[in-house]
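Biologist: Hi! Could you walk me through this structure while I look at it?
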Amino acid sequence: MRRTVVTGLAVVFAVFVAGLVATGCGNDSGSTPGSSASTTKASEVTGAITLSAAASLTEAFAEIGEGFQRANPEASATFNFGSSGTLATQIQQGAPADSFASADEANIDKLVTAGLIAGEPTVFARNRLVIVTKPGNPEQVTGLSDLADLGVVSLCGLEVPCGKYADQILTTAAVTIPTDRITRGQDVKTTLGAVSTGDADAAIVYVTDAESAGDSVETVTIPDAQNVIAIYPIAVIAASTNQPTTRAFIDFVTGPKAQATLRSFGFLPPD
Amino acid sequence: MSRRGRRTPWFAIALAAVGFAFITLPLVGLIQQVSWGSLVDDLRTPEAQAALRLSLVCSVWAAALAMAFGVPLAWVLARVEFRGRAVARALVLLPLVVPPVVGGVGLFYAFGRNGLIGQYLWDWFGIQLTFSTAGVVMAETFVALPFVVITVEAALRGMDRRYEEAATTLGARRSTVFRRVTVPLIAPGLVAGAALAWARALGEFGATITFAGNIQGRTQTTPLAVYLLLESKPEIAIGLSIVLLTVCVAVLAVLRDRWLGTG
């Protein structure tokens with residue numbers, strides 16, 4: 001009896017591991033073979049760096065990271081995506097990040113004040129906010145004022161940049177949504193998820209997230225007069241042990257290739 | 001000590017000490033962060049009050065529902081012979097090991113507005129369980145139910161059935177036997193099941209935030225408030241954590257003789 005249990009567990013574990021290997025999770029190197037090292041600039045751009053980046057950058061940075069690695073085969077970039085507020089707190093508590101890309105200036109300024117940033121932050125993108133609804137817009141939302149009459153509206157948490165921006169937008173438009181109808185997401189992705197895979201009727205998210213979500217949501221534009229422009233700065237963390245590679249990544253992000261990628265995901269140019 | 005120390009291998013003691021420290025250090029870390037002077041005021045803030053009130057209401061409901069369905073379920077699993085009983089038991093205990101977030105996603109596809117059952121509730125009655133307090137109770141019941149089943153079933157299997165047989169032979173009706181013989185005999189198991197279910201419901205996070213969202217005063221229970229206030233108002237988050245911790249310690253302390261063995 002005991003032996004069969006142990007054997008059974010061993011089989012379960014083996015199948016799990018085999019499944020991981022088969023689906024490629026165990027294959028974390030050499031996924032981009034044949035990429036020539038034609039653009040390797042300096043021999044300093046080597047080794048692994050970790051970037052803490054705002055959740056709204058998830059798709060764009062995944063692609064930019066691949067481009068960076070192609071251009072610098074000796075280097076590798078891994079990402080830690082989350083709400084900018086959470087990421088800033090993690091860095092303040094000593095999380096091992098080499099760079100921080102925030103969806104607002106407040107969270108990076110907090111780190112500058114604390115002396116945790118090396119050099120000056122660089123603005124590399126801007127973003128706009130939109131309303132998203134269920135596909136087909138069943139509640140016929142045409143603007144911010146309609147949000148006050150919906151069942152449940154999903155907004156980012158107040159500590160998350162997109163939550164602050166959303167509140168700013170609603171204040172500008174003089175729209176008050178009753179608190180007992182606002183669900184707050186931990187970051188912009190969960191906030192959007194409450195509409196795309198949840199039962200919330202609408203959310204306020206970045207244009208870029210609405211685009212990434214594709215057909216699972218419908219977008220309603222917020223007029224410029226009411227909208228807010230989100231500013232995305234990136235900086236080197238003072239405690240980084242690989243600052244040359246981190247600087248190279250930031251140069252790459254502000255370079256033409258990565259900027260084109262950011263545009264393709266709906267981000268606005270930095271100025 | 002010295003005599004015992006010779007018989008117990010030193011590395012077992014060392015590993016045990018590490019294990020003990022690993023469990024207790026986070027608790028110590030939490031406790032030393034509490035600003036005791038303002039604890040009461042922190043817990044009186046509207047956010048904390050709303051979260052605590054909601055947690056209390058929802059966890060009591062969840063524990064009651066878990067008992068209402070869990071005790072009969074345990075009884076069937078312990079007493080009724082049927083094909084596939086082992087599979088049924090494994091399925092019922094699934095929420096013990098499934099990540100609560102996955103449970104929440106499952107609840108959504110079953111009871112959401114487009115879910116298997118949820119679509120009819122919505123189309124026919126206009127009932128929406130997601131983002132509602134009822135949704136919180138459902139998510140909490142989902143994770144709490146197995147605790148009732150596992151404790152009560154163990155109690156039913158462990159009891160001496162001759163008392164029931166004797167009562168039946170003496171002419172007691174089935175309901176009387178259950179009420180006067182079975183229930184008193186498994187009472188410790190019932191109490192333990194209810195208490196564990198309640199404690200588990202109180203701490204529920206993943207299934208709740210996934211299925212019921214995070215609406216202050218409606219679905220933002222204490223663990224959700226702890227998570228979301230950790231950055232903006234850490235004192236309140238830590239104060240609420242201490243409340244949850246105290247309740248859990250109290251439940252385990254009360255149960256120590258009945259369920260967890262004396263120590």
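Biologist: How do helix 9 and helix 10 of chain B cross?
Modeller: In this predicted model, the axes of helix 9 (residues 162-169) and helix 10 (residues 174-203) of chain B come within 10 Å and cross at roughly 165 degrees. Axes are lines fitted to C-alpha atoms, for helices over the stretch in contact, and angles run from 0 to 180 degrees between N-to-C directions. Helices (H or I, at least four residues) and strands (E, at least two) are DSSP runs, numbered from the N terminus.
Biologist: So are those two parallel or antiparallel?
Modeller: Helix 9 of chain B and helix 10 of chain B are therefore roughly antiparallel. Angles over 145 degrees count as roughly antiparallel, under 35 as roughly parallel, 65 to 115 as roughly perpendicular and the rest as oblique.
Biologist: Is that crossing left-handed or right-handed?
Modeller: Helix 9 and helix 10 of chain B make a right-handed crossing. A crossing is right-handed if the near helix is turned clockwise from the far one by less than a right angle, and left-handed if anticlockwise.
Biologist: Which residues make the contact?
Modeller: Helix 9 of chain B brings B:Tyr163, B:Glu164, B:Ala167 and B:Thr168, and helix 10 of chain B brings B:Val177, B:Val181, B:Thr182 and B:Leu185. Two residues are in contact if their C-beta atoms, placed from the backbone, lie within 7 Å. By class, that contact of helix 9 with helix 10 of chain B has five nonpolar, two polar and one charged residues. Ala, Val, Leu, Ile, Met, Phe, Trp, Tyr, Cys and Pro count as nonpolar, Asp, Glu, Lys and Arg as charged, and the others, Gly among them, as polar.
Biologist: Nice. What about helix 12 and helix 13 of chain B?
Modeller: The axes of helix 12 (residues 222-232) and helix 13 (residues 234-255) of chain B come within 8 Å and cross at roughly 150 degrees. That makes helix 12 of chain B roughly antiparallel to helix 13 of chain B, and their crossing is left-handed.
Biologist: Which residues meet there?
Modeller: Among them are B:Val226 and B:Leu229 in helix 12 of chain B, and B:Ile236 and B:Leu240 in helix 13 of chain B. The contact of helix 12 with helix 13 of chain B has eleven nonpolar, two polar and no charged residues.
Biologist: Zooming out, how many helices and strands are in chain B?
Modeller: Chain B has 13 helices and zero strands. Of its 263 residues, 35% count as buried, with 20 or more other C-beta atoms within 10 Å of their own C-beta atom, placed from the backbone (exposed is 12 or fewer, partly exposed in between).
Biologist: And chain A?
Modeller: Chain A has nine helices and nine strands, and buried residues make up 44% of its 271 residues.
Biologist: How many residues does each chain give to the contact between A and B?
Modeller: Chain A gives 17 residues and chain B gives 15. On the side of chain A, helix 3 (84-92) and strand 6 (182-185) are the elements that give two or more residues. That side of chain A divides into five nonpolar, eight polar and four charged residues.
Biologist: Which element of chain B has the lowest mean pLDDT?
Modeller: Helix 1 (residues 2-7) of chain B, at 57, while helix 8 (residues 133-158) of chain B has the highest, 96. pLDDT is the predictor's confidence in each residue, from 0 to 100. Chain B averages 90, and 95% of the residues score at least 70.

Note on methods: Residues numbered from 1 in each chain as written. Chains lettered and ligands numbered in written order. Predicted model: local features only at pLDDT ≥ 70, side-chain atom pairs only at ≥ 80, totals over all residues.
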